[in-house]
Amino acid sequence: MNLVLHKPYKAAPDKDLVRVPGEYLRDSSRAILMRQDVLESFVSMCNAAKKEGVEFVVVSAHRTLSRQQELFLEGEKRHGKGRAILWLAPPGYSEHHTGLAFDLGDRSCPQYDDEPGFETTAAFSWLNQRAQEFQFELSFPKNNWQKISYEPWHWRYVGSSSAYELFHPSLIHRCSSLMRAVAMGLFKSFAILSLAIFFIQNPAYSESFEKVSFESADGYKIVGKWFAPRGSKTTLILLHGVGAVKEEWQSFAEFVHASGYGVLIYDMRGHGESVFKVSGETVEFPLFYGVGLDSDWGKMIQDLALAVDFLRANKKCDPKKIVVGGASIGANIAFRYAVQNKDVPYVILLSAGVNYRGIQTDDLLLGLGPRPMLLAVSPEDTFAYQSALYLVKLSAGKIPITLYVENLGAAHGVQMFKRMSAQAPSTLEIKILQWMQKVGK
Ligand SMILES: [Zn+2]
C-alpha cells in the first residue's frame, strides 16, 4: 500500500435526508439519516432478504463533516498518525457525506459490524448475489483502484442518475488506468506516503478559475482570479495580507468553490501582478507613502468597492450575495468595506488587528450591526489575538461574533490553514465552510 486516493464529496443538505426507522438499525435509539430514495430501495431489499431468512441492520449512514472529523481523529489515535487514512476518509472525502452510502451489519452477528469478518456472514453473501437488483454496490471491493482497504460492509446507492454519475464520473473511466499506474507503479519505491491523498477532480473544477482584471480609480490594473459560483450561490471576495499575493487564498478558494461558492481573489495594489498603472508607472507597496485611510492602504477599501462593482456588472452577481473577507490587513480592509456597505451579508476575518498601517477596526466595530462576523486567530500571534479579544469585548454582544481560537502557535492569517497534505483541507477551513453554510441559510 503506497498511496490512497480519496475523492471529495459534498455533504447532503439536511432537507434531502430522512430518518431510518428504528427497526432497521443496530441501535434503534440512534438518529441515522439517508436520502429518501436510498431508504426506499433499502427497505425493499430488506423485505426481499427477510423472505430468505437474512436480516440487515444499518450501522452508520449519513455523516456530517464534523462527525467525520471526530472519527478521523479517533482513527489516528487507534491506527497511528498518518495511517487512519487507509481505513477512513478525511472530512470532506467520505462517501458517507452524500447520504447515499451506509455500513451494513448482519442482525445476528453484531461482532462483525465494521469488521472484515462481515464477509463470512449470510448478509454479505446475500448482498453479493442480489444487492445489484436494488441498485446497491460495494464501494471498496478487494484491490479497488483507490487503494482503500477492502470494506465488505460499506455499500452505496447508484439507482439515480445523479448518484451513478457521482460515483462513476466519466473522467474516472478515462483516468482510472492512469491512476492505477500512478498508484501501483510510479510510487512503488516510496515508503507509505502517510497522507498522500489524490482525488479526481471533475473537469469543471480543475482549472476552474478565470483570470480577470479591473482598474482602480487612480489607474492601477488590479489582477485577480475568478471562480464562478454554482447557480445563485454566494460569492466571497478574499483579500491577502501585506506583502502577500492572491494565491495565499487559492486552496481555500478551490475548497469552497467545490461546494458551489463563487470566489474572487486578487492582488491588492502594489502587490503581485497589480503593480502596473495605466500611466506606465510601476509601484510596489514598499514605495507607498504614509499610512491611514488617505494612503494607498486606505485606497484598498475603494478598490474592494470596485471589485464588487466588477462582479455585479460583469459576472451578474447579486451584491446581497457578495461576502467579503481577508487575512491580516486584508481582514481590516474587508471589515471597513462591510461597515460602509449594508449589502454585505457577513464577514470572514483571519487575524484582524485593531490597526494595521492605520486601517483600524475598533473605531467602526458597532457599525457592522447584526451581521455575523467570523474571527479566527491563534494565541501566540499576540497582536492579532489581543485585538480579537478586544473586539469581542467591545462588541458587548451587539455583533454576532464567532471567535475561533486556533492553537497553531504564532500562525498569522492564512498560515492557520496549514494542511497535512495539499488536498486535505485543514480544520479551520472546514470550520469556516460549515459556519458559512450555517449563517448563509
Ligand atoms: Zn462506511
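Let me begin with burial: of the 441 residues in the protein chain, 40% are buried, where a residue counts as buried if 20 or more other C-beta atoms lie within 10 Å of its own, as exposed if 12 or fewer do, and as partly exposed in between, with C-beta atoms placed from the backbone. Please keep in mind that this is a predicted model, in which local features need pLDDT of at least 70, side-chain atom pairs count only at pLDDT 80 or more, and totals for chains, interfaces and linings use all residues. Residues are numbered from 1 along each chain as its sequence is written.

The secondary structure of the protein chain comes to 10 helices and 16 strands, and here helices (H or I, at least four residues) and strands (E, at least two) are DSSP runs, numbered from the N terminus. The radius of gyration is 25 Å, close to the 22 Å that the globule rule gives for 441 residues, so the protein chain is as compact as a globular protein of that length; the radius is taken over C-alpha atoms, and the rule is 2.2 Å times the number of residues to the power 0.38. Taken along the principal axes, the box that the C-alpha atoms fill is roughly 80 × 50 × 40 Å.

How is the protein chain divided? There is a domain 1, covering 14-186, and a domain 2, covering 209-439, with bounds that come from an automatic or database domain assignment. The centres of domain 1 and domain 2, taken over C-alpha atoms, are separated by 39 Å, and 6 residues of domain 1 are in contact with 4 residues of domain 2, contact meaning that the C-beta atoms of two residues, placed from the backbone, lie within 7 Å. Among contacts in the protein chain between residues at least 6 apart in sequence, 68% join residues at least 24 apart.

Let me turn to the sheets. S3 is joined to S4 (residues 101-106) by 4 bridges, the two running antiparallel, and Ser 60 stands opposite Asp 103 in S4.

The other open sheet has 8 strands, in the order S7-S8-S10-S9-S11-S12-S15-S16, and its pairing is mixed. At its edges are S7 (209-215) and S16 (401-405), each of which pairs on one side only, while the twist from one strand to the next averages 20°. Within this sheet, S11 and S12 (residues 347-350) pair in the parallel sense over 4 bridges, and Val 324 has Val 347 in S12 as its bridge partner.

Those two valines return in the largest nonpolar core, which has 69 residues, and where Val 324, Ala 334, Val 347 and Leu 349 are those with the most contacts inside it. A nonpolar core is a set of buried Ala, Val, Leu, Ile, Met, Phe, Trp, Tyr and Cys residues joined through C-beta atoms within 7 Å. Helix H8 (residues 329-340) gives the most to this core, with 8 residues. Apart from this core lies another, of 26 residues, among them Val 20, Met 45, Phe 136 and Ala 163.

Finally, a few single residues. Where is Gly 241 found? Its place is the loop between S9 (235-239) and helix H6 (250-257), and Gly 241 is buried, with 23 other C-beta atoms within 10 Å. Gly 241 and Gly 413 are 172 residues apart in sequence, yet 7.5 Å apart in space, C-alpha to C-alpha.

Asp 114, in the loop between S4 and helix H3 (122-130), has a phi near 55°, a positive value in a residue other than glycine, and Asp 114 is partly exposed, with 16 other C-beta atoms within 10 Å. Lys 316, which is not a glycine either, has a positive phi of about 55°; Lys 316 sits in the loop between helix H7 (296-315) and strand S11 (322-327), and is exposed, with 9 other C-beta atoms within 10 Å.

Terms used. Two strands pair if DSSP finds at least two bridges between them. Axes are lines fitted to C-alpha atoms, for helices over the stretch in contact, and angles run from 0 to 180 degrees between N-to-C directions.
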